[in-house]
Amino acid sequence: MTVDIYTDGACSGNPGPGGWGALMLCNGEEKELSGGEAETTNNRMEMLAAIQAFQALKKPTKVRLHTDSTYLKDGITKWIAKWKRNGWRTAAKKPVKNADLWQLLEEVMKPHNVEWRWVKGHSGHPENERADALARQGMAPYKP
């Protein structure tokens, strides 16, 4: 059994009010998740969408996570090992932004077999567009 998860984040201003959304698909069933924060960044919302989706899984699962965020995909698949070795510092010796969420994401992924896939955002991809709509819905209560 494989769960396909489509995630997206949105922010009005950066920082500003933001939202995250996740669409989970498995065996013809779907689950929608969304939420937001009053003061955040787009990257934090992208990460929170993935974290919330992993936390919604009830048992270890094979997951294909689809994101339009190269920051999220590259951070978790390419950069995180080096950040950890460097004590959560970048190559420029600066603190890694969003280290709290990178650490949480790594933790909630552990039980799962995860394949990360990048999709082009705002290109008419139906599931990515739904994740975007969920992120905007999650942001709505926080917009003035």
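## Salt bridge exercises

The side chains of Asp 132 and Arg 136 meet in a salt bridge, 2.9 Å from N to O; the term covers a side-chain nitrogen of Lys or Arg within 4 Å of a carboxyl oxygen of Asp or Glu. We're working with a predicted model, where local features need pLDDT of at least 70, side-chain atom pairs count only at pLDDT 80 or more, and totals for chains, interfaces and linings use all residues. Residues are numbered from 1 along each chain as its sequence is written, and side-chain values use heavy atoms, with hydrogens and water left out.

**Exercise 1.** Find out which parts of the chain the pair Arg 44 and Asp 100 links.

*Solution.* 
- Check the bridge: the side chains of Arg 44 and Asp 100 form a salt bridge with an N to O distance of 2.9 Å.
- Now locate the ends: Arg 44 is in helix 1 (residues 42–56) and Asp 100 in helix 3 (residues 99–109), so distant parts of the chain, 56 residues apart, are linked.
- Finish with accessibility: Arg 44 is partly exposed at 22%, and Asp 100 is partly exposed too, at 44%.

**Exercise 2.** Classify both partners of the Glu 107 and Lys 110 salt bridge by accessibility.

*Solution.* 
- The closest N and O atoms of this pair are 3.1 Å apart.
- Glu 107 has a relative accessible area of 46%, which means partly exposed.
- Lys 110 reaches 59%, which means exposed.

**Exercise 3.** Zoom out: how many salt bridges does the structure hold, and which residues are linked in a network?

*Solution.* 
- The count is 9 salt bridges.
- The network of salt bridges links Glu 30, Glu 32 and Arg 130.

Terms used:
Helix = DSSP H or I, 4+ residues; strand = E, 2+ residues; numbered from the N terminus. Buried < 20%, exposed > 50% of the residue type's maximum accessible area, 1.4 Å probe, protein only.
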